[in-house]
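This report describes a protein model, going from one chain to the contact between chains and then to single residues. Please read it alongside the sequence and the coordinates.

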Amino acid sequence: MEQLKTIGRELAMGSQGGFGQSKEFLELVKSIGEARSKAEEDRIVLHEIETLKRRISEPDIPKRKMKEFIIRLVYIEMLGHDASFGYIHAVKMTHDDTLLLKRTGYLAVTLFLNDDHDLIILIVNTIQKDLKSDNYLIVCAALNAVCRLINDETIPAVLPQVVDLLNHQKEAVRKKAIMALHRFYHKSPSSVSHLFSNFRKRLCDNDPGVMGATLCPLFDLITVDVNTYKDLVLSFVSILKQVAERRLPKGYDYHQMPAPFIQIRLLKILALLGSGDKLASEKMYTVVGDIFRKCDSTSNIGNAVLYECICCVSSIYPNPKLLEAAAEVISRFLKSDSHNLKYMGIDALGRLIKISPEIAEQHQLAVIDCLEDPDDTLKRKTFELLYKMTKSSNVEVIVDRMIDYMISINDNHYKTYIASRCVELAEQFAPSNHWFIQTMNKVFEHAGDLVNVKVAHNLMRLIAEGFGEDDDAADSQLRSSAVESYLRIIGEPKLPSVFLQVICWVFGEYGTADGKYSASYITGKLCDVAEAYSNDETVKAYAVTALMKIYAFEIASGRKVDMLPECQSLVEELSASHSTDLQQRAYELQAVVSLDAHAVEIIMPLDASCEDIEIDKNLSFLNSYVQQSLENGAQPYIPESERSGTLDISNFRSQDQHEASMHGLKFEAYELPKAPVTSRIPPASVAPSAELVPVPEPSYSRETHQVASVPSISDAGSTEPRLKLDGVRRVVWGKPTYSSPTSSTSNASQSTSNGVTQVDSAANVNSKARKTHDSRKPEAEITPEKQKLAASLFGGPSKTEKRPTSASHKVTKASSHAAEKSQAPKAAVVSNQATLEKINHQPPPDLLDLGEPTVTSSAPSVDPFKQLEGLLDTTQVTSTVNHGAVGATEAPDIMALYVGTPAGGQSSSAENSLPSNSYDINLTSELSNLTSGTTNAGATLPTQFTKGPNPKDALEKDALVRQMGVTPSSQNPNLFSDLLG
Amino acid sequence: MIRSVMVMNTQGKPRLAKFYDFQTVEKQQELIRSVFGVLCSRAENVSNFLDAASIFGPDSSLVYKHYATLYFVLVFDSSENELAMLDLIQVFVETLDKCFKNVCELDIVFNYSKIHTILDEMIFGGQVLETSSTELVKAVEEISRLESASNSITLVPKSVSGWRNR
């Protein structure tokens with residue numbers, strides 16, 4: 001049966017004409033497909049190569065046959081075998097006159113050759129000729145080759161022809177010509193710098209496709225230099241408006257969206273142009289608002305456009321209404337079932353959070369949800385977001401999470417990355433020394449070989465210097481806690497080298513400082529280290545030096561030194577070591593031990609690692625010796641520069657080189673001065689600092705303004721010659737019905753934002769309330785609790801047995817519950833017992849998603865309460881202050897992630913005096929925030945949720961799509977059913 | 001900019017590989033292998049995005065879609081929109097489906113040059129050129145018609161004028 005099918009396929013293939021392949025090729029493909037092992041496949045392919053080598057050079061091969069050989073070559077190379085013997089034949093084929101062969105030839109060379117391959121020189125001439133061909137398909141094929149094979153040296157050879165093609169009658173050719181110029185720009189910006197005006201001209205091309213293609217190079221140009229293109233803002237806005245209003249021909253629709261790829265490009269461009277420019281941004285508000293409103297959020301491409309809108313909104317000068325719309329879309333993304341949308345939601349949240357940090361709060365649960373997700377991509381994106389949100393108040397939770405994840409993965413690349421992130425955050429926001437050291441220990445232990453050595457040095461310096469405060473007691477406590485933790489860790493097998501170095505150093509400096517551990521104990525440990533890691537010379541060196549320090553301190557304090565036998569044998573062994581460094585250290589150790597107390601104290605002062613060593617560069621202490629020698633008749637020293645007769649070789653040589661470089665031919669054209677900084681918004685990365693004092697959180701608004709101002713400054717300074725502006729005329733497609741869109745839009749956006757404004761006000765309350773309860777934050781941040789909390793959060797203590805299943809019932813119950821709570825928060829106390837019960841009823845993790853708001857329309861209204869109830873259990877754990885403050889007590893943990901001013905200075909008494917008040921406010925706001933509609937009235941409920949993708953819609957759509965038979969999906973059994981291995 | 005388009009089957013055999021920046025044959029194989037290594041370890045029902053920085057260097061993302069026995073993979077930089085790229089894969093597959101009537105892996109293997117033609121009409125030099133599968137099918141059919149015509153007679157370009165009027 002299977003075979004019959006395959007034969008049927010083959011027959012069908014044969015009848016397709018044009019692309020039919022010979023029996024041989026089919027055989028080859030089939031035998032490769034059936035190969036059981038890589039070795040067998042290799043054997044088949046090698047055999048094929050032999051055949052091809054023989055046959056391809058035979059004289060008088062029919063052209064069709066030749067074409068097939070070339071395709072077979074390409075195929076072989078894709079499988080990873082060398083097909084270079086056939087390159088020349090592919091090149092030859094491009095010279096052929098027949099379209100079929102020429103195209104095949106071009107296809108093969110674009111796949112085979114690099115743009116600096118020797119054979120290119122044989123093709124350039126053909127390309128030149130073909131670019132002038134009458135047949136547009138030949139022109140297209142040549143343009144395709146141009147993109148790939150032309151480098152900055154050969155650009156001038158084809159540039160005039162390509163520029164001519166910008167006015168070709170076929171829009172397909174014009175499009176490709178623009179793309180080719182774009183490619184030239186990538187390879188050598190200076191080569192096409194005089195042609196930028198052409199891009200502007202093509203922006204008003206009659207064909208929307210050409211216009212769309214023009215956006216690609218313009219995007220790159222604007223990225224480099226925003227200011228030159230500010231005059232185009234209005235054009236872009238009007239194009240975008242026309243696209244969004246469906247003025248383009250139907251052919252540009254994709255999944256009922258008007259030209260979404262063009263919309264996306266335009267939004268990207270607007271984001272660049274509006275960044276930090278209030279005036280330009282104001283022109284965009286209406287159209288972006290329109291798109292927010294019109295976009296179909298059920299299709300993938302619609303969401304792509306919405307996401308781009310968010311990116312645009314977060315980049316241009318902030319507009320509250322648009323920010324609201326963006327926040328709404330984000331919440332829809334995050335509540336979606338689709339991992340892709342969640343991913344985009346997290347990404348978008350990371351962008352928007354820079355402008356309005358408060359929006360994260362509404363999504364805290366969704367974010368934690370994503371953090372727990374089994375999908376690594378989503379998890380990493382979430383860490384990215386958390387990294388952006390880190391403050392001194394939540395650093396502990398976030399870094400703990402990061403470390404847990406770091407331990408769990410094997411991907412070294414990402415491990416390195418996240419380890420450096422942990423270190424960066426810890427260095428910047430560490431709430432206490434002790435925590436910092438513990439964190440560093442963990443990082444070193446699990447990713448020690450991957451972190452920068454500098455980090456180790458920073459850690460040593462921290463331990464040595466303490467926190468800069470003149471509190472010796474605290475410092476010494478820090479040190480002894482470090483020593484203790486290292487003594488615990490040292491027993492573990494296979495510690496990373498860098499970490500061992502730190503440990504050895506700390507043992508040497510502070511191992512015996514507090515008198516808790518005897519010298520022999522510490523030295524024993526050090527000897528163990530040196531022995532266990534005997535092939536790591538750096539560690540051994542650190543260990544020996546540490547030994548020397550300990551003995552020196554012992555001698556200096558007047559105690560008698562008894563070298564352990566293993567230590568003695570170690571030193572003896574090292575003094576015969578191949579490494580001169582180790583040898584020297586061993587000899588030094590022996591020398592120091594034999595000295596008397598006074599001398600030792602001078603050589604090795606106690607705890608002096610931070611003292612500056614004064615170096616006398618003039619070597620003045622040798623003066624008397626020099627004087628004496630001179631008196632004894634020695635020659636005085638003449639500095640090298642003053643010595644006559646000898647050529648100053650180094651100087652001479654450099655001059656020589658300089659001249660050579662001046663006389664050499666200059667092959668390249670002078671480059672245009674480029675703007676020093678690209679206007680892409682730099683990621684708000686925070687430079688690692690050695691300071692470990694908790695830093696007050698950076699104010700976000702200030703940051704964005706800084707970011708925004710950077711490009712404009714740089715652009716002002718740029719000297720790029722301004723282009724002659726050929727006034728871009730307004731292009732209008734479709735019927736010229738231009739009813740004042742502004743008024744209608746603003747009306748509409750107002751009406752839609754009704755629901756949102758409520759949320760916003762709630763958020764405001766919340767942010768006010770936050771200030772009061774911030775003071776509690778530093779108290780409770782413990783990982784297991786947090787996990788428990790998180791688990792109880794998104795799973796939601798399942799009350800499935802208790803809760804009526806009918807949706808309407810749920811809503812009413814929930815909303816009445818809500819009303820009750822918001823009116824009298826204190827009354828909404830759920831008892832301990834109830835909470836515990838609920839915890840017990842937690843469903844297994846794979847069912848947790850049931851709590852997701854988007855699953856059923858009723859779920860959203862229920863969800864917040866589940867969450868709140870879930871929080872109760874942490875209430876009990878974290879504090880017993882009040883169990884009425886349901887939402888608020890959860891705050892120290894979860895809110896800590898989002899909120900926060902460092903509150904180290906605030907005393908706990910302040911907390912106690914405030915709680916009921918602040919929590920009440922917070923609770924209400926929490927509730928209204930989370931359930932937005934529910935607390936207020938049933939009417940507002942739909943605003944948030946009905947728009948979201950709803951499973952019924954999705955199912956319908958899926959069914960439709962399947963009916964059409966267009967979308968091949970993995971569930972479709974007919975598709976891909978008969979396949980080779 | 002799109003950096004690469006790959007199609008490979010669930011056993012990691014490449015079915016189509018196109019790199020818009022030159023890569024040596026060895027490097028291509030290595031990239032395909034490492035992409036496959038990541039893809040085959042992904043569970044069902046997770047997102048279609050991957051951080052490709054460890055494979056393709058900084059500023060690169062990867063979107064993939066799994067159809068029956070094939071993975072369709074797009075690698076691109078931050079100037080592209082991930083969701084849109086996902087739709088581009090969709091366009092590609094839709095076009096293949098229209099060209100081959102219920103496309104299967106076999107079609108892709110045997111019609112190697114046609115697949116490249118389709119891809120070249122869709123993505124040009126790393127930029128998205130055309131996103132309508134109807135247009136793509138039209139263009140490709142036109143090409144194959146002219147190609148077979150050009151085998152016998154010399155080409156008269158005027159006969160092409162009816163092409164692509166939307």
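## Fold of chain B

The model is predicted. Chain B contains six helices and seven strands. Their order along the sequence is β-β-α-β-α-β-β-α-α-α-β-β-α.

Of the 166 residues in chain B, 70% are buried. Taking the contacts in chain B between residues at least 6 apart in sequence, 50% link residues at least 24 apart.

## B:Lys18

B:Lys18 belongs to strand S2 of chain B, which spans residues 14-19. B:Lys18 counts as buried because its relative accessibility is 5%, and the cut-off for buried is under 20%.

The side chain of B:Lys18 has a polar contact with the side chain of B:Asp120, at 2.9 Å. Leaving aside residues up to four places away in sequence, B:Lys18 touches B:Arg3, B:Ser4, B:Val5, B:His116, B:Leu119 and B:Asp120, and also A:Leu111 of chain A.

## Interface of chain A and chain B

Chain A and chain B bury about 8100 Å² between them. Carbon and sulfur atoms account for 59% of that area. Chain A contributes 89 residues to the contact and chain B contributes 85 residues.

Five salt bridges are found across the interface of chain A and chain B. One salt bridge pairs A:Arg265 with B:Glu80, with 3.0 Å between the closest N and O atoms. Counting pairs with both residues at pLDDT 80 or more, 25 residue pairs are in polar contact between chain A and chain B. On the side of chain A that touches chain B, the largest share comes from helix H10 (residues 171-187) of chain A, with nine residues. By class, that side of chain A has 43 nonpolar, 25 polar and 21 charged residues.

## Cysteines

How many disulfides does the structure hold over all chains? The number is zero. A disulfide is a covalent bond between the sulfur atoms of two cysteines. For A:Cys567, the closest cysteine sulfur is that of A:Cys527, at 3.9 Å. This is too far for a bond, because a disulfide requires cysteine sulfur atoms within 2.5 Å.

Is A:Cys567 buried or exposed? A:Cys567 is buried, with a relative accessible area of 0%. A:Cys204 also counts as buried, at 10% relative accessibility.

## Positive phi angles in chain A

Most residues other than glycine have a negative phi. A:His255 is not a glycine, yet its phi is positive, at about 50 degrees. A:His255 sits in the loop between strand S1 (253-254) and strand S2 (257-258) of chain A. With a relative accessible area of 30%, A:His255 is partly exposed, because that class lies between the 20% limit for buried and the 50% limit for exposed.

A:Ala259 likewise has a positive phi without being a glycine, here of about 35 degrees. Where is A:Ala259 found? A:Ala259 is in the loop between S2 and helix H14 (260-274) of chain A. A:Ala259 is buried, its relative accessible area being 4%.

Methods. Residues are numbered from 1 along each chain as its sequence is written. Chains are lettered from A and ligands numbered from 1 in the order in which they are written. Side-chain values use heavy atoms; hydrogens and water are left out. Helices (H or I, at least four residues) and strands (E, at least two) are DSSP runs, numbered from the N terminus. Buried means under 20% relative accessible area, exposed over 50%, partly exposed in between (1.4 Å probe, protein chains only). A polar contact is a pair of N or O atoms within 3.5 Å; within protein, one must be able to donate a hydrogen and the other to accept it, and residues adjacent in sequence count only if both atoms are side-chain atoms. Contact means heavy atoms within 4.5 Å. Buried area is the accessible area (1.4 Å probe) that two parts lose on being put together, summed over both. A salt bridge is a side-chain nitrogen of Lys or Arg within 4 Å of a carboxyl oxygen of Asp or Glu. Ala, Val, Leu, Ile, Met, Phe, Trp, Tyr, Cys and Pro count as nonpolar, Asp, Glu, Lys and Arg as charged, and the others, Gly among them, as polar.
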